[in-house]
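Please take a moment with the sequence and the model before reading on. The paragraphs below are meant to be read alongside both.

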Amino acid sequence: MTNAKEKDSSSCLPPNIYLRSLKHYTKMYRRSLEEPEAFWAEQAQKLDWFKIWDRVLEWQPPYAKWFVGGKLNVSTQCADRHAKTWRKSKVAIYWEGENGETSVLSYSTLSRDVNRFASVLKKLGIGKGDKVAFYLPMIPELPVFMLACGRIGAVHTVIFSGFSPQAIADRVNDIQAKLIVTADGGYRRGKIVKLKEITNEAVKLCPCVKKVIVIKRTGEVIPWIDGRDIWLSSLLDDAESFVEPEPMEATHPLYILYTSGTTGKPKGVIHSTGGYLVHSHSTYQWVFNIREESVFWCTADVGWVTGHSSIVYGPLSHGASIVIYEGAADYPTIDRWWDIVEKYGVTILYTSPTALRMFMRSGEEWLAKHNLSSLELLGSVGEPINPETWQWYYKNIGRKMCPIVDTWWQTETGGIMISPAPGIEQLPLKPGSATLPLPGIDAAVVDVNGKELPPCQTGYLVIKRPWPGMLLGIYGNPKRYQEAYWSRFPGVYYTGDFAMRDNDGYFWLLGRADEVLKVAGHRLGTAEIEGAVISHDAVAEVAATSQPDAIKGQAIVLFVTLKKENSPSEALRKDIIRHMRQTIGPVATPNEIYFVQSLPKTRSGKIMRRVLKAVASGQSTGDITTLDNETSIAEAKYAYQSLKKTKSGLGRELDQH
Ligand code: PRX
């Protein structure tokens, strides 16, 4: 861990970013904590409501209900209300397919399509409270369908298009979705991802699914089940052009999004309609300082929360123009993104440190081919951005002229929580720090006993009071909700992250404090990974941990013991990787698998992952006095060193499609 003093250095920053005062921010922040309800009510008034709320907040720990009694509809906020103004002819979405196809949707087209898609859903019997799952590539139909669900009060779950049939089925069964929307395929690095085939496999495991809507993207021949599968195009033939928007209670769920935690099963994070939209709308303005002429590109997949809030609900609620790109960052060449920035005149780019590290590796000559002068603001999300990457981004992409907003948040927080906020005031930046909490966000760093720490000490990041984008709960599992977030430090929200606050009050996010890995920004629980590995026939025991990776931040490594009749081999290693890709998806591809005879355990039988993580990172194992079987460590070290010598690792793909 870098020490606090080193991190405090900000001399590398240009005066225009460093020397602005914090006056406005400080005033706004103070007021937001002193009069939180009045503060958030003012933000909420920026949206259109069918009915104004009776109470801003009902806080019955650990459940927060925002804007109780208020009614609104996300599709009117994100589409209709813009289509009624001059923005009807403004670009809502610039879409670019990986194969070079393009399309442009104006706000009037977006509004019309949302209505027609809502009509399609209604005609299939989908109504308020029903669950709809999306397993789609990054095509404009995805945001349109999300808004169409919102229009009629259906609750959507977007499933990342890199997930396997089993992972899809787990999510669909958990929410008992009646309908899945998929495509015949999608393009990824020049190949077709067979989304319909994968969906068919998944639906075999999901008796709740009655219909599958299929969107034509590739035109490939696909397996078809009559009576269940329907082309979207045929449904649109009979669609109405207007569907009355359902006045939705602010506290009604808008969507459920699955994310990994410390147990084997991903958890369904539920977000509300009103509080979530107020949070996404406000923070999007504060952080990205959006202007009418901005062209905003968030490179995340809609399958993650970043895509929900920063592709769909945040920008579209503002009537912003966004870019959506379907494919891989480096296809057909490593400058594809820079080509897109130039082509669409992107002004705000929001991406991940993993992507930036990949570009850093490829050198600057690719950038020199493109005019990036449209860029005004850069953003980072999903994992800590190391100062070196920050500097590279600032210098090479931002031409030393664009502030970088390093935004900290989570699936559970719904919107951005800690970040510079050029829309309020240009904060002094420090490379590698997400700076200060946004207004209304009461963040703190505490010790193991929940006591707030003095500056420059590392502890656990907590949020001390509810905020509008706060999750409503975990779908079907109130106990897990209570345990995961509210039990470690009673009364405050536990983020699961390590953090440090420096002498200026700036937050430095230092990675996960729990058994959750961040691999290329994707969140994966070690228990979930282990569950997938253990279901392989040859595996007796497994411990999943991580090692630092120059591009992905963290990479998965496995220590595996085999059942009696099996012995380690390259073929088995490959087969375990294949099995993991099939069970979870390519995101779970491990960098290394170490075969050992035994795993280091405490006397009570608990696997010591901390020790294995140290071994896999080539670091000292520290205190091992509670260890039961010391030879297991020597063995793990031996396995690590031998493999390091003999191979450069399997499955080292950045982009794991
Ligand atoms: O560990 C933190 C890391 O990502 C986690 C949340 O992951 P997820 O729910 O997938 O949402 C990611 C996108 C919002 C956090 O607990 N994280 C996110 N942003 C940052 C970060 N770590 C450091 N710096 C960030 N800016």
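Predicted model: local features only at pLDDT ≥ 70, side-chain atom pairs only at ≥ 80, totals over all residues.

Residues are numbered from 1 along each chain as its sequence is written, and side-chain values use heavy atoms, with hydrogens and water left out.

Which residues are the closest to the ligand? They are Asp406, Thr407, Thr411, Arg512 and Arg523, out of 17 residues that surround the ligand, where a residue is counted as near if one of its heavy atoms lies within 4 Å. Sorted by class, this shell has six nonpolar, five polar and six charged residues; here Ala, Val, Leu, Ile, Met, Phe, Trp, Tyr, Cys and Pro count as nonpolar, Asp, Glu, Lys and Arg as charged, and the others, Gly among them, as polar.

Several polar contacts can be followed atom by atom, a polar contact being a pair of N or O atoms within 3.5 Å (within protein, one must be able to donate a hydrogen and the other to accept it, and residues adjacent in sequence count only if both atoms are side-chain atoms). A polar side-chain atom of Thr411 lies 2.5 Å from an oxygen atom of the ligand, whereas for Thr407 a backbone N or O atom lies 2.8 Å from a ligand nitrogen atom. Glu383 also uses a backbone N or O atom, which lies 3.4 Å from a nitrogen atom of the ligand. On its own the ligand has 540 Å² of accessible area, and the protein covers 96% of it, with areas taken from the Shrake-Rupley method with a 1.4 Å probe and, for residues, only the protein chains shown counted as cover. Two or more residues of the shell come from each of helix H12 (305–317), strand E20 (404–407) and strand E25 (507–512); helices (H or I, at least four residues) and strands (E, at least two) are DSSP runs numbered from the N terminus.

Strand E8, residues 179–183, is mostly covered, and five of its five residues are buried, where buried means under 20% relative accessible area, exposed over 50% and partly exposed in between, with a 1.4 Å probe and protein chains only. In a regular strand the side chains alternate between the two faces of the sheet. In E8, Leu179, Val181 and Ala183 point one way and Ile180 and Thr182 the other way, and all are buried. Strands count as paired if DSSP finds at least two bridges between them. Strand E6 (residues 131–135) runs parallel to E8 and is joined to it by four bridges, with Phe134 having Val181 as its bridge partner. Five bridges join E8 to strand E11 (residues 211–215), again in parallel, and there Leu179 stands opposite Lys211.

The aromatic rings come next. The structure holds 43 aromatic pairs, in which rings of Phe, Tyr and Trp (its six-membered ring) have centres within 6.5 Å, and planes under 30 degrees apart count as stacked, over 60 as edge-to-face and the rest as tilted. The rings of Trp53 and Phe67 are an edge-to-face pair because their centres are 5.1 Å apart and their planes stand at 65 degrees. Since Trp53 lies in the loop between helix H4 (36–44) and strand E1 (55–60) and Phe67 in strand E2 (residues 63–68), this pair ties together parts that are 14 residues apart in sequence. Trp53 is buried at 11% relative accessibility, and Phe67 is buried at 0%. Phe288 and Phe296 also form an edge-to-face pair, because their ring centres are 4.9 Å apart and their planes at 70 degrees. Ring pairs also link Phe39, Trp40, Trp49, Trp53, Trp66, Phe67 and Trp286 into a cluster.

Some backbone details remain. Phe67 has a positive phi of about 55 degrees although it is not a glycine, and Asn289, also not a glycine, has a positive phi near 45 degrees. Asn289 is found in the loop between helix H11 (274–288) and strand E16 (295–298), and is partly exposed at 31% relative accessible area. The peptide bond from Pro61 to Pro62 is cis, with omega near 0 degrees, and Pro62 lies in the loop between E1 and E2.
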